[in-house]
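Subject: Structure handover and findings

Hello,

Here is the structure I promised. Please load it first, then read my notes below it.

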Amino acid sequence: MHQPSPEDEKLAAEISEWAVERLAYRSDTIPPRAGEGELPGITAAGVGIAEAWRILRDRILPTALPADHPRYLAFVGGSPTVASVLADMAVSAAGVYAGSALEGGLAVAAEAAALRWLADLAGFPAEARGTFVSGGSIANLSALVAGRNERRAAGGRRPGLVVAGIDAHASIASAAEIMGCDLVIDGDSDGRLDGAALGRVLKTVRPQEIAAVVATAGATNNGAIEDLAGVAEVCRQHDLWLHVDAAYGGAALLSDRARPLFAGIEAADSVTIDPHKWLFTPFDCAAVIYRHPERARRAHTQVASYLEPTSGDEYDNPSDYAIHLTRRARGIPLWLSLLANGTAAYRDAVDACLDLAEYAAARITAAADLELVAEPGLSIVLFRRTGWSPAHYRQWSTEAIASGLGLITPTEMHGETVLRLCFVNPITSNADVDRILGALA
């Protein structure tokens, strides 16, 4: 079972060929196939590797809605590069434990190089450090725990409030609940956190009661970027921990036209950016980066006698920057793809997605039965079909999946049901946009 057999070797070549072909034909993965019958049971004897692979390939994988389909425009999908997928396959086979520098070797250094690139995008200083975790929810929770720990050390008691705007990701409320904190929401006329709103909060609570302030840089629902500079200045005045959630939007720092929208992100204490969203990396890969890494280590380093061989000043362990210990080298696919393709290709791919959003907005404006709800927020476009009820949107979305048109789901904006297009896949074309909008005529 642990030594490759001739059958295993033959199957490995087949799976590799299948993987490359699958990436070449991503457009053929919708509509999903309906699941048929029950899956075979797990038995003492097993069915053999060839039969197990056949079941996975032919019965299980075709029932999924792959996030890299060019007309997967719901939620925040992702389209990994070929290089990143190949690296991901190699990481699994290499058996790298990447929780400690002692065990991970240069894999940890490669991950650190990818993190350094992200930190530079955010304008963080040379000493900034961080780690890759499974997703934005864990990254946000880890940053907030670090912030609360630092605030507790400064004030002598555990603060119990997290402050955010209305566009904060659902993981912020979840993190506050896990931490036993209350979430305080305030903002401008659109509910977005700014310096004035944070000032209002501070008129009702003492700074010592606030564990962290969260500003959103690219809201999942509408792409909104909050007043990062204004919030950062108030946080500086009151010595508050500022976390910027740029899980989706952070990739737009690569674009010359979008980068000015992020002014102030460089003043944050921590930031989240998810490469598996708009930086073309396989699931799961999210980065949490700290301006002062020693503060994160104070909160997250696990201490035990059996961990002593991995600790010491000579080690900079990825496990010390988040609420994890065991971890795979999930940053290697990003690093290898950056190394192979160059950062200019990433910049161009992000700009291509911004172009798609602008194209879709122009087509919607020109259509008789469609209306923009707002100007595109980064690569997200919200629009309505005139005369439709919430039931119409749900029915159309269901039919779009079944017909193979794509995954386009409704959302709510200011209490109104609307449609949402999220462009994070440079493979998506103007023709894909035309096909979707044409189906709404």
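H12 and H13 are roughly perpendicular to each other, because angles of 65 to 115 degrees fall in that class. Their axes cross at roughly 100° and come within 6 Å. Keep in mind that this is a predicted model. On the H12 side, the contact uses Leu334, Ser337, Leu338 and Asn341. On the H13 side, Thr343, Ala345 and Tyr346 take part. By class, this contact has 4 nonpolar residues, 3 polar ones and no charged ones.

**Other helix packing**

H12 also packs against H3. H3 covers residues 82-94 and H12 covers residues 332-341. The angle is about 135°, and the axes are 8 Å apart. H3 and H12 are therefore oblique to each other. Their crossing is right-handed. H3 contributes Ala83, Ser84, Ala87, Asp88 and Val91 to the contact. H12 contributes Ile332, Pro333, Leu336, Ser337, Ala340 and Asn341. The residues of this contact divide into 7 nonpolar, 3 polar and 1 charged.

What angle do H8 and H9 make? It is about 35°, with the axes 7 Å apart. H8 runs over residues 195-202 and H9 over residues 228-238. From H8, the contact takes in Gly195, Leu198 and Leu202. From H9, it takes in Gly230, Val231, Val234, Cys235 and His238.

**Aromatic pairs**

How many aromatic pairs does a search of the whole structure find? It finds 6. Two of them are described here.

Tryptophan 117 and tyrosine 346 form an edge-to-face pair. The ring centres are 6.0 Å apart, and the planes are at 75°. Tryptophan 117 lies in helix H5 (residues 106-121) and tyrosine 346 in helix H13 (residues 343-366), so the pair ties together parts that are 229 residues apart in sequence. Tryptophan 117 is buried, with a relative accessible area of 15%. Tyrosine 346 is buried too, with a relative accessible area of 2%. Tyr346 is also one of the H13 residues that meet H12. Ring pairs link Trp117, Phe280 and Tyr346 into a cluster.

Now tyrosine 248 and tryptophan 278. Their ring centres are 5.4 Å apart and their planes are at 15°, so the pair is stacked. Tyrosine 248 sits in the loop between strand E5 (242-245) and strand E6 (270-273). Tryptophan 278 is in helix H10 (residues 275-278). The pair links distant parts of the chain, 30 residues apart. Both tyrosine 248 and tryptophan 278 are buried.

Threonine 272 has its place in strand E6. Is threonine 272 buried or exposed? At 0% relative accessibility, threonine 272 counts as buried, because the limit for that class is under 20%. Not counting residues up to four places away in sequence, threonine 272 touches Gly136, Ala139, Asn140, His243, Val244, Asp245, Ala246, Ala247 and Ala287. Threonine 272 and threonine 216 are 56 residues apart in sequence. In space they are 9.9 Å apart, C-alpha to C-alpha.

Isoleucine 364 lies in helix H13. At 0% relative accessibility, isoleucine 364 counts as buried. Which residues is isoleucine 364 in contact with, leaving aside its neighbours within four places in sequence? They are Leu370, Glu371, Leu372, Val381, Phe383 and Leu437. Leucine 279 is 85 residues from isoleucine 364 along the chain, and their C-alpha atoms are separated by 27 Å.

Arginine 385 is found in strand E9 (residues 380-385). Arginine 385 is buried, with a relative accessible area of 15%. Its contacts are Asp369, Leu370, Tyr393, Leu440 and Ala441, not counting residues up to four places away in sequence. Leu370 is also in contact with isoleucine 364. Glutamate 150 and arginine 385 are 235 residues apart in sequence and 49 Å apart in space, C-alpha to C-alpha.

Best regards

Methods
Residues numbered from 1 in each chain as written. Predicted model: local features only at pLDDT ≥ 70, side-chain atom pairs only at ≥ 80, totals over all residues. Heavy atoms only, no water. Axes fitted to C-alpha atoms, helices over the stretch in contact; angles between N-to-C directions. Helix = DSSP H or I, 4+ residues; strand = E, 2+ residues; numbered from the N terminus. Parallel < 35°, antiparallel > 145°, perpendicular 65-115°, else oblique. Left-handed = near helix turned anticlockwise from the far one by under 90°. Contact = heavy atoms within 4.5 Å. Nonpolar A, V, L, I, M, F, W, Y, C, P; charged D, E, K, R; others polar. Phe/Tyr/Trp six-rings, centres within 6.5 Å; stacked < 30°, edge-to-face > 60°. Buried < 20%, exposed > 50% of the residue type's maximum accessible area, 1.4 Å probe, protein only.
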